[in-house]
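Subject: Structure handover

Hello,

Here is the structure we spoke about, with notes on what turned up in it. Please read the notes with the model open.

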Amino acid sequence: MDVLEKAVAGERLSEAEVLSLFDLPLPELAAAAHEVRLKKTDPEVVTFLIDRNINYTNVCTVACAFCAFYRTKRQKDAYTLGYEEIAQKVEELYRVGGKRILMQGGVNPELPLEWYLDLLRYLKGRFPDLRIDAFSPEEILGLERLTGLKAEYILEKLKEAGLDGMPGAGAEILVDEVRLKAAPARIRTADWYRIVDAAQALGLYTLASMVIGFGEGKGERTAHLLGLRAQQDRALERYGNGFAAFALWTLQVEHTRLKGKAPGATAHEYLKTLAIARLALDNFAHFQPPGPPWASRWPRRPSTTGPTTSGAPCWRKTWSRRRGGTGAPTPRCARSCATSWTPGSSPQKGTPSTASSATPTPRPSSASPSP
Ligand code: SF4
């Protein structure tokens, strides 16, 4: 049995076998990934969400070289949104049928823990059925440093105040050598896993993500995938609550200090890595493709590579606009984006849910955020 047959049969691939996938041609990888996707989820269904990214502050002290979003607090266009401004954005979302926000910002030392707790209480008080996935591991680490409190306690308080889940942001490539080159102050691999583990222990929704194009090799991409797989095993076994989905993006270097210094990744490379992820992450049911500006620049995907779920990709978003995205608020895009990845599937509006030890079985659910 060769390595692709083994993956399609549902057998776990070793590190050497995952590494060997990078030398195989895309059509073979894509066909195998599609086979696996058909076995793990309903072949007829691809799900999407109508949700919205809200970036509550762009003030950040981490200063990642790949980030076009952050500002120092003294820059003219530095901002922190007020609660009312955030609520207005939620109202706009409700008007088009969405009830979930993904809220992330910079690591802003001017915002105490009470600011976050009060914000969550305010939003849940005003929108009781709002689903809030917010504050990446980097922001939680920032709160640990600011308050001297442990992530477990901070997350528990945030959950009590209304937090439903944590975005998968900040993962990029979970290999410290890669992270140190791109962003020396960025959250380290061990801290990312520690904080995600604390969120999973509390039953919060979490997403696994990956960004390629920093100049990392296939060994580092393999290490990232196998690290996520090991965490998924751990979380499902200990808490019955693992990552709901896996999302992959390519590095966008426009307007960043990495322009000309990092190679980025081609669409072909993206599709190969996505297919390899589907084959390597045997304990994940759902894969989320990117929306604009990424997907809109690519030709129609030549064959399916495993995605089953899509977040709403088309809302205005500061990062997206700065990277050349349209920012057009058209929830209809979510439906068409979802089906463009899996032609012939029926798009169904999903609800974000956590992965449980009962997965994977065919079920339309769980879509997740953009980076
Ligand atoms: S990626 Fe996040 S942590 Fe890094 S500079 Fe940008 S906002 Fe700050």
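A residue is called buried here if 20 or more other C-beta atoms lie within 10 Å of its own, exposed if 12 or fewer do, and partly exposed in between, with C-beta atoms placed from the backbone. By that count, 50% of the 371 residues in the protein chain are buried.

The model is predicted: local features need pLDDT of at least 70, side-chain atom pairs count only at pLDDT 80 or more, and totals for chains, interfaces and linings use all residues. Residues are numbered from 1 along each chain as its sequence is written.

Overall make-up

The protein chain has 13 helices and 11 strands. These are DSSP runs numbered from the N terminus, helices being H or I with at least four residues and strands E with at least two. Two residues are in contact if their C-beta atoms, placed from the backbone, lie within 7 Å. Of the contacts in the protein chain with a separation of 6 or more, 79% are between residues 24 or more positions apart.

The ligand

Around the ligand are Cys60, Val62, Ala63, Cys64, Cys67, Phe69, Tyr70, Gly106, Val107 and Glu138. A residue is near a molecule or strand if its C-beta atom, placed from the backbone, lies within 6 Å of it. The shell divides into 8 nonpolar, 1 polar and 1 charged residues. In this scheme Ala, Val, Leu, Ile, Met, Phe, Trp, Tyr, Cys and Pro count as nonpolar, Asp, Glu, Lys and Arg as charged, and the others, Gly among them, as polar.

Strands β2 and β3

Strands pair if DSSP finds at least two bridges between them. Strand β2 (residues 51–55) and strand β3 (residues 100–104) run parallel and are joined by 5 bridges. Asp51 has Arg100 as its bridge partner in β3, and Ile54 stands opposite Met103. In β2, 4 of the 5 residues are buried. In β3, 5 of the 5 residues are buried, so the strand is largely enclosed by the rest of the structure. Both faces of β3 are covered, with Arg100, Leu102 and Gln104 on one side and Ile101 and Met103 on the other.

The β7-β8-β9 sheet

An open sheet of 3 strands has the order β7-β8-β9, with parallel pairing. Its edge strands are β7 (208–212) and β9 (287–288), each pairing on one side only. Between β7 and β8 there are 5 bridges, and Ala208 stands opposite Phe246 in β8. Strand β8 (residues 246–250) is joined to β9 by 2 bridges, where Ala247 stands opposite Gln288. Helix α11 (residues 267–280) packs on the sheet and touches β7, β8 and β9; its direction makes about 160° with that of β8. Although β7 is an edge strand, 5 of its 5 residues are buried. Ala208, Met210 and Ile212 lie on one side of β7, and Ser209 and Val211 on the other.

Helices α6 and α9

The axes of helix α6 (residues 137–147) and helix α9 (residues 189–201) come within 9 Å and cross at roughly 90°. That makes α6 roughly perpendicular to α9. Axes are lines fitted to C-alpha atoms, for helices over the stretch in contact, and angles run from 0 to 180 degrees between N-to-C directions. Angles of 65 to 115 degrees count as roughly perpendicular, under 35 as roughly parallel, over 145 as roughly antiparallel and the rest as oblique.

In the contact of α6 with α9, Pro137, Ile140 and Leu141 in α6 meet Asp191, Trp192, Ile195 and Val196 in α9. By class these residues are 6 nonpolar, no polar and 1 charged.

Also in helix α9 is Ala199, which is buried, with 25 other C-beta atoms within 10 Å. Leaving aside residues up to four places away in sequence, Ala199 touches Leu155, Met166, Leu204 and Thr206. Ala199 and Asp164 are 35 residues apart in sequence and 9.9 Å apart in space, C-alpha to C-alpha.

Two residues with positive phi

Glu172 has a positive phi of about 45° although it is not a glycine. Glu172 sits in the loop between β5 (165–166) and α8 (176–182) and is buried, with 27 other C-beta atoms within 10 Å. His255, also not a glycine, has a positive phi near 65°. His255 belongs to the loop between β8 and α11 and is partly exposed, with 13 other C-beta atoms within 10 Å.

Regards
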